[in-house]
Number of protein chains: 2
Amino acid sequence: MLNDAYPSRQDQQATITPRQDPVLYSEITENAPVTSELLEQFERQGYMLLPDLFSPNEVAAFLHAIKTLEQDEALLKTPQAVTEANSGALRSVFQIHENHSLFASVAKDARITDIARFILGGDVYIHQSRLNFKPGLKGKEFYWHSDFETWHVEDGMPHMRALSCSILLTDNNAKNGALMLMPGSHKEYLSCIGDTPKDNYLQSLKQQEFGIPDDASLNHLAQKYGIDCAEAKAGSVLFFDCNTLHGSNSNITPDPRSNLFFVFNHMNNKVTTPFCAQPPRPEFIATRNNIKAI
Amino acid sequence: MLNDAYPSRQDQQATITPRQDPVLYSEITENAPVTSELLEQFERQGYMLLPDLFSPNEVAAFLHAIKTLEQDEALLKTPQAVTEANSGALRSVFQIHENHSLFASVAKDARITDIARFILGGDVYIHQSRLNFKPGLKGKEFYWHSDFETWHVEDGMPHMRALSCSILLTDNNAKNGALMLMPGSHKEYLSCIGDTPKDNYLQSLKQQEFGIPDDASLNHLAQKYGIDCAEAKAGSVLFFDCNTLHGSNSNITPDPRSNLFFVFNHMNNKVTTPFCAQPPRPEFIATRNNIKAI
């Protein structure tokens with residue numbers, strides 16, 4: 001097993017330690033795929049928002065495809081389809097870059113992959129992909145977490161050299177549970193308290209109970225960094241670092257908050273043995289075998 | 001039993017019918033306690049927001065009193081104290097106008113009672129009072145509802161001649177679960193589907209499952225009226241009509257969203273026999289015996 005650069009869930013005490021990895025792995029030049037202002041913001045805040053990267057027609061096609069998925073009884077019975085804990089409403093569909101031709105092509109779209117490659121400094125592959133629904137009226141909150149903490153502990157991702165790209169399929173605002181982020185929190189690593197139970201993912205994809213930050217640390221970090229809300233129109237794209245603390249509230253408005261998520265990881269940062277005592281999570285949640293540079 | 005002007009929970013089909021009662025029971029003159037613009041807004045939208053009605057010093061005193069209540073082990077064991085369904089965190093304390101000297105005096109403060117008397121057209125009493133916490137990190141959503149529907153069916157309030165006055169004790173914004181309202185929805189009455197179970201209040205104060213609007217009606221009314229979010233600083237006061245549809249999302253931010261609530265009802269609109277087959281709810285939720293004009 002590799003040296004564990006970011007221990008977590010090994011102690012009854014949370015710790016906050018400095019990030020040991022870069023955020024931006026390329027030098028900003030005139031040839032960068034987005035403005036230096038945006039890249040500097042990504043480096044500083046751990047996220048950036050690109051308005052209107054996809055056209056209304058493209059978004060309409062994505063939404064049409066989702067409507068079909070929602071009615072796909074066979075899909076709903078697969079582990080890739082995750083439902084809400086209480087209502088049974090569809091919450092997420094995983095591995096859409098492998099199992100859906102339209103979303104597979106979106107995963108390779110140069111408008112996003114050029115940016116991912118630039119930020120991560122070279123060839124990347126998809127560590128995880130999913131559709132997130134947060135349906136109107138019934139969508140529940142997703143509690144604060146660093147993706148990296150989970151990907152490190154449960155998947156064995158060695159370093160912070162990954163990012164999420166979220167394509168907004170509906171208008172996202174604070175009222176319908178837009179993603180909230182703590183800008184700057186990606187520069188520190190917050191370890192979590194406690195252990196990782198067996199098959200944690202079966203529960204954690206619905207409602208996370210392990211690998212979540214403790215109250216005192218969250219209070220401290222929210223005080224230090226503040227909380228931004230990623231409000232933007234459908235077709236906009238949010239890029240955020242793998243270690244930026246984020247979460248979202250419930251959605252009692254009738255307007256669904258649906259997003260496509262693609263997680264890009266650098267080819268030199270492939271997952272290894274998980275940094276916990278459990279076996280790796282399944283391939284549809286964390287690519288381990290079928291790694292292909294895009 | 002009085003004629004049931006607003007039947008609900010008697011059918012398997014929701015109905016939307018016009019309001020039969022006025023909203024504003026006084027004529028707007030120069031002597032009104034607030035501007036005609038605000039009163040016209042209340043009439044039209046079913047709510048109005050008065051910034052900074054209470055001073056920072058007053059708010060500090062209220063918050064100090066609440067801190068004491070949160071640590072009051074004896075209080076926490078009374079039915080007046082309602083906890084969150086999952087976390088056990090304090091969610092509400094009822095009947096604060098009777099059981100707490102500071103909040104009893106706030107309930108009589110002319111800055112709010114003059115407005116309540118003006119809108120409702122005469123002498124009023126307190127039908128219900130409560131502290132609502134929505135604690136940071138753990139606060140859960142409160143689903144869409146018309147207060148009047150519950151007060152009518154479960155308490156026997158005959159007509160729409162009541163209002164809520166919410167004094168904001170912390171800054172309320174969309175991120176920490178500020179109240180959302182459908183402006184104009186108070187002009188229609190939405191009946192709910194199904195029955196009222198015995199002792200419904202024991203569950204409904206934590207999480208409402210009966211007397212909640214159906215999905216199709218909510219979609220329709222949100223489309224028709226839109227959704228406003230009552231964002232305002234601590235010390236501001238929100239007045240809203242008893243029939244305005246409202247609700248709030250969860251609060252994963254560390255900032256609590258705490259409000260004082262006083263429900264004023266006109267003396268001619270005292271509660272009678274409930275308009276359902278159940279006995280009345282307890283006095284601490286709905287004043288029935290101890291009615292005093294204020």
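A pocket, as the word is used here, is an open set of grid points at which a 1.4 Å probe fits, with protein on both sides within 12 Å along at least five of seven lines. Its volume is the space filled by probe spheres set on those points. The structure described below is a predicted model, and the second largest pocket in it holds about 370 Å³ of space. The lining of this pocket comprises 17 residues, and those nearest its centre are B:Glu70, B:Phe133, B:Pro135, B:Gly136 and B:Pro256. Two elements give two or more residues each to the lining of the second largest pocket, namely α9 (215-225) of chain A and α2 of chain B. Of the elements that contribute, α2(B) gives the most, with four residues.

The relation between the two chains may be considered next. Two copies of a chain are related by a rotation about an axis and a shift along it.

A pair of aromatic rings is described by the distance of the centres and the angle of the planes. Over all chains, the whole structure contains 14 aromatic pairs. One of them joins A:Tyr6 to A:Phe148 in an edge-to-face arrangement, with 5.1 Å from centre to centre and 80° between the planes. This pair connects distant parts of the chain, since A:Tyr6 belongs to the segment before β1 (16-18) of chain A and A:Phe148 to helix α7 (residues 147-155) of chain A, 142 residues apart. A:Tyr6 counts as buried because its relative accessibility is 0%, below the 20% limit. A:Phe148 likewise has 0% relative accessibility and therefore counts as buried. Ring pairs also bring in A:Tyr189, which forms a cluster with A:Tyr6 and A:Phe148.

In chain B, the ring centres of B:Phe94 and B:Phe284 are 6.2 Å apart and their planes stand at 75°, so this pair is edge-to-face. The pair again links distant parts of its chain: B:Phe94 lies in strand β4 (residues 90-94) of chain B, B:Phe284 lies in the segment after β13 (259-266) of chain B, and 190 residues separate them. Both B:Phe94 and B:Phe284 are buried.

Helix α7 of chain A also holds A:Val153, a residue that counts as buried because its relative accessibility is 1%. Among the residues that A:Val153 touches, leaving aside those up to four places away in sequence, are A:Ser8, A:Arg9, A:Phe148 and A:Thr196, together with A:Pro274, A:Phe275 and A:Cys276. The C-alpha atoms of A:Val153 and A:Ser8 are separated by 7.0 Å, although the two residues are 145 places apart along the chain. A:Lys138 presents another case. This residue is found in the loop between β5 (124-132) and β6 (142-145) of chain A, and at 30% relative accessibility it counts as partly exposed. A:Lys138 and A:Thr287 are 149 residues apart in sequence, and 30 Å separate their C-alpha atoms in space.

Charged groups also meet aromatic rings. A:Arg111 lies over the face of A:Phe54, at 4.3 Å from the ring centre. In chain B, B:Arg130 lies over the face of B:Phe261, at 4.3 Å from the ring centre. B:Phe261 is also one of the residues touched by B:Ser164, whose other contacts include B:Asp147, B:Trp151 and B:Leu238, not counting residues up to four places away in sequence. B:Ser164 lies in strand β7 (residues 162-168) of chain B and is buried, with a relative accessible area of 2%.

Most residues other than glycine have a negative phi. A:Gln95, however, has a positive phi near 60°. A:Gln95 is placed in the loop between β4 (90-94) and α4 (96-99) of chain A and, at 12% relative accessibility, counts as buried. B:Asp52, likewise not a glycine, has a positive phi of about 55°. B:Asp52 is placed in the loop between β2 (47-50) and α2 (56-70) of chain B and is exposed, with a relative accessible area of 55%.

Technical notes. Residues numbered from 1 in each chain as written. Chains lettered and ligands numbered in written order. Predicted model: local features only at pLDDT ≥ 70, side-chain atom pairs only at ≥ 80, totals over all residues. Heavy atoms only, no water. Phe/Tyr/Trp six-rings, centres within 6.5 Å; stacked < 30°, edge-to-face > 60°. Buried < 20%, exposed > 50% of the residue type's maximum accessible area, 1.4 Å probe, protein only. Lys NZ or Arg CZ within 6 Å of the ring centre and 35° of its normal. Contact = heavy atoms within 4.5 Å. 1 Å grid on protein atoms, 1.4 Å probe; cavity = no way out; pocket = protein on both sides within 12 Å on 5 of 7 lines; lining within 4 Å.
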